[in-house]
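This report is meant for a reader who is meeting the structure for the first time. Please keep the sequence and the 3D view at hand while reading.

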Amino acid sequence: MGIRIIGTGYYVPPFIATNEDFTKIVDTSDEWIVTRTGIKQRHIVTDDTFVWQMGAKAAEMALADAGLSADDIDLVIGTTCTPDYLTPSLACLVANGIGAKKPACVELNSACAGFVYALDMAKRYLSDPEYQNVLIVSSEMLSKMTDYSDRSTCVLFGDGAGAAVLTKSDAPFFSELGSDPTGGHSLFARGVAPGMNPFRNAPFDPMADGFAETAPHKLHQDGREVYKFATRAMPGAVEAACRKAGIAPQELDWIFSHQANRRILETAAKNLKVSLDRFYINIEEYGNMSSACIPVCLAQAQRAGRLERGQKLCAVGFGGGLVYAAAVFEW
Ligand code: ACO
């Protein structure tokens, strides 16, 4: 029992911020950003667009690609770490936006690994006779939690959304999910602050370690720690998922990885003994769009004619939590 992706879609906002633009905001240079990250530009929302609206646009494209209507969808999984609302969820807002009448809706926050966690979740639902089609929508507006006075993080992130429609299939699917929850403080953004209430004592804050003073709701990252985690966990997850699938990483046709840093991809390619050509890379133009990176890459690869049915794909993500996830499946 497996899954097949039968439709993909994506949306990015029209405004492009180049590295040159960032030299006017913080003490940085195009040379530093390109050599340390591989990023040249990123798309950023500059108007009152909501996260769910980007997601709905990507979802409509994916549904049209699949040849399905919104009512054919039994479950919407929304992935985001930058939701418009704590409730209703991204999934409910997108379902409403695309005119779906009564799908099951759930939001999943596994930071940049969200899309791969959602693939795994979709596979488990699709093994149930009640579910035929699942829509995954990954929409992220990192710009709203980016601290534009912090040069070590602000140059990394972009906004955008990707979507995929999945259906039941006998095509194989294998996954490896995991975490290092002790690394939570290496990458975090605070949620809603606790309000005053008459019963409240000062709570223990696991994120206070090393970050006593933090800007509310802004993303804080210990880049070196996350880099070390990513270069270890990402290839490890690919290897583990391949082992379950009974193939070697070198047999994969494509690896669709989270796009956090080109150097992380280069290191992973070397460790996995896989040519970098097998990694689909768009970080140069889009930066890190968290959980939207992988579905945007998939949608673009499909439209560029790079994917053929039957190819062996691996999707692999890592990020805040710290979490990682890899899935090996057939296109
Ligand atoms: N321009 C110029 N100099 C800079 C910039 C910048 N934009 N940013 C940092 N520097 C400086 C630092 O201040 C430091 O200077 P110092 O040596 O004088 O102190 C120097 O460059 C080196 O800093 P490092 O942090 O060691 O730089 P590094 O090579 O590690 O690159 C980066 C930083 C790009 C953040 C890298 O660590 C990285 O990619 N980490 C992983 C990020 C990631 O994978 N995130 C994933 C999840 S994101 C999510 O979940 C939403």
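## Basis of the description

Helices (H or I, at least four residues) and strands (E, at least two) are DSSP runs, numbered from the N terminus. This is a predicted model, in which local features need pLDDT of at least 70 and side-chain atom pairs count only at pLDDT 80 or more, while totals for chains, interfaces and linings use all residues. Residues are numbered from 1 along each chain as its sequence is written, and side-chain values use heavy atoms, with hydrogens and water left out.

## The ligand and its surroundings

The ligand sits in the largest pocket. On a 1 Å grid over the protein atoms alone, a pocket is an open set of points where a 1.4 Å probe fits, with protein on both sides within 12 Å along at least five of seven lines, and a molecule sits in a pocket if more than half of its atoms lie within 2 Å of its grid points. The elements that each contribute two or more residues to the shell around the ligand are α2 (30–37), α6 (151–154), α7 (223–245), α8 (262–272) and β12 (312–319). Of these elements, α7 gives the most, with 4 residues.

There are 25 residues around the ligand, and Thr28, Arg36, Cys112, Arg224 and Asn261 come nearest; a residue is counted as near when one of its heavy atoms lies within 4 Å of the molecule. By type, the shell holds 11 nonpolar, 9 polar and 5 charged residues, where Ala, Val, Leu, Ile, Met, Phe, Trp, Tyr, Cys and Pro count as nonpolar, Asp, Glu, Lys and Arg as charged, and the others, Gly among them, as polar.

Which parts of arginine 36 and of the ligand are 2.6 Å apart? They are an N or O atom in the side chain of arginine 36 and an oxygen atom of the ligand, a pair that falls under the definition of a polar contact (N or O atoms within 3.5 Å). Backbone atoms take part in two further pairs: an N or O atom of arginine 151 lies 2.9 Å from a nitrogen atom of the ligand, and an N or O atom of glycine 223 lies 3.0 Å from a nitrogen atom of the ligand. On its own the ligand has 1000 Å² of accessible area, of which the protein covers 78%; such areas come from the Shrake-Rupley method with a 1.4 Å probe.

Although threonine 8 and isoleucine 136 are 128 residues apart in sequence, their C-alpha atoms are 9.5 Å apart in space.

Threonine 153, a residue of helix α6, is buried as well, with a relative accessible area of 1%, and its C-alpha atom is 8.1 Å from that of leucine 219, 66 residues away along the chain. In strand β13, valine 328 is buried at 5%, and a C-alpha distance of 9.7 Å separates valine 328 from arginine 243, 85 residues apart along the chain.

## Backbone features in the loops

Most residues other than glycine have a negative phi, and most peptide bonds are trans. A cis peptide bond, with omega about 5°, joins threonine 87 and proline 88, and proline 88 is found in the loop between β4 (75–79) and α4 (90–98). Another cis peptide bond joins glycine 321 and leucine 322, with omega about -10°; leucine 322 belongs to the loop between β12 and β13 (323–330).

Is lysine 273 buried or exposed? Lysine 273 is exposed, because its relative accessible area is 65%; this residue lies in the loop between α8 and α9 (283–286) and has a positive phi near 55°. Serine 290, in the loop between α9 and α10 (293–303), also has a positive phi, of about 50°, but serine 290 is buried, with a relative accessible area of 1%.

Notes:
A polar contact is a pair of N or O atoms within 3.5 Å; within protein, one must be able to donate a hydrogen and the other to accept it, and residues adjacent in sequence count only if both atoms are side-chain atoms. On a 1 Å grid over the protein atoms alone, a cavity is a set of points where a 1.4 Å probe fits but cannot get out, and a pocket is an open set with protein on both sides within 12 Å along at least five of seven lines; lining residues have an atom within 4 Å of a point. Buried means under 20% relative accessible area, exposed over 50%, partly exposed in between (1.4 Å probe, protein chains only).
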